[in-house]
Amino acid sequence: LNFVILFNIKGIICIKSGGEFSMNEFEKIKKMYDSGFRCIRYDDTKDGDMCIYFKNFDNENSEAMKISGFEQKMQIKNFINQNSMK
C-alpha cells in the first residue's frame, strides 16, 4: 500500500492511498488557498499527471500535489489562473 500525506500548519491536507484521493483534489486546493497557499508552478504533460507546487508566503510552508484526469486538471488550472496575482 502506498500513502502520501501532505501537511500544513493547520493539519492534514490530503491522504493518497492506492491511486485514489480521499476527497476531490479541487476541493483540497481551494482549502489550501483559503489557508494561504498559492501555486508557484505547475507542470502538465499531455497524457500524464500534472504536478502542482504550492507555497504559503506567510509561514514559508510548501507542498506539492500530483493530479490526474483531464477534467480535474482543467478545473484546477482554471482556478489557479483565476486566482493568480496579475
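In which hand does H1 pass H2 in their crossing? H1 passes H2 in a right-handed crossing, where right-handed means that the near helix is turned clockwise from the far one by less than a right angle, and left-handed that it is turned anticlockwise.

## Basis of the model

This is a predicted model, in which local features need pLDDT of at least 70 and side-chain atom pairs count only at pLDDT 80 or more, while totals for chains, interfaces and linings use all residues. Residues are numbered from 1 along each chain as its sequence is written, and side-chain values use heavy atoms, with hydrogens and water left out.

## Overall layout

The chain has two helices and six strands. Their order from the N terminus is β-β-β-α-β-β-β-α. Helices (H or I, at least four residues) and strands (E, at least two) are DSSP runs, numbered from the N terminus.

Of the 86 residues of the chain, 34% count as buried; buried means under 20% relative accessible area, exposed over 50%, and partly exposed in between, with a 1.4 Å probe and protein chains only. Among contacts (heavy atoms within 4.5 Å) between residues at least 6 apart in sequence, 38% join residues at least 24 apart.

## The two helices

The axes of H1 and H2 come within 10 Å and cross at roughly 20°. Axes are lines fitted to C-alpha atoms, for helices over the stretch in contact, and angles run from 0 to 180 degrees between N-to-C directions. H1 and H2 are therefore roughly parallel to each other. Angles under 35 degrees count as roughly parallel, over 145 as roughly antiparallel, 65 to 115 as roughly perpendicular and the rest as oblique.

On the H1 side, Glu25, Phe26, Ile29, Lys30 and Tyr33 meet Gln72, Gln75, Ile76, Phe79 and Ile80 of H2. By class, this contact has six nonpolar, two polar and two charged residues. Ala, Val, Leu, Ile, Met, Phe, Trp, Tyr, Cys and Pro count as nonpolar, Asp, Glu, Lys and Arg as charged, and the others, Gly among them, as polar.

## The nonpolar core

The largest nonpolar core has 14 residues, and those with the most contacts inside it are Ile29, Tyr33, Ile52, Phe54 and Ile76. Such a core is a set of buried Ala, Val, Leu, Ile, Met, Phe, Trp, Tyr and Cys residues joined through side-chain atoms within 4.5 Å. Two or more residues come from each of helix H1 (25-34), strand S4 (37-44), strand S5 (50-56), strand S6 (62-67) and helix H2 (70-82). H1 gives the most, with four residues.

Leaving aside neighbours within four places in sequence, Ile52 is in contact with residues including Ile29, Cys39, Met65, Ile76 and Ile80.

## Selected residues

Tyr33, in helix H1, is buried with a relative accessible area of 8%. Not counting residues up to four places away in sequence, Tyr33 touches Arg38, Cys39, Phe54, Phe79, Ile80 and Asn83.

Met50 lies in strand S5 and is buried, at a relative accessible area of 0%. Phe37, in strand S4, is buried as well, with 1%. Phe37 and Ser62 are 25 residues apart in sequence and 7.8 Å apart in space, C-alpha to C-alpha.

Glu60 is found in the loop between S5 and S6. Most residues other than glycine have a negative phi. Glu60, which is not a glycine, has a positive phi of about 65°.
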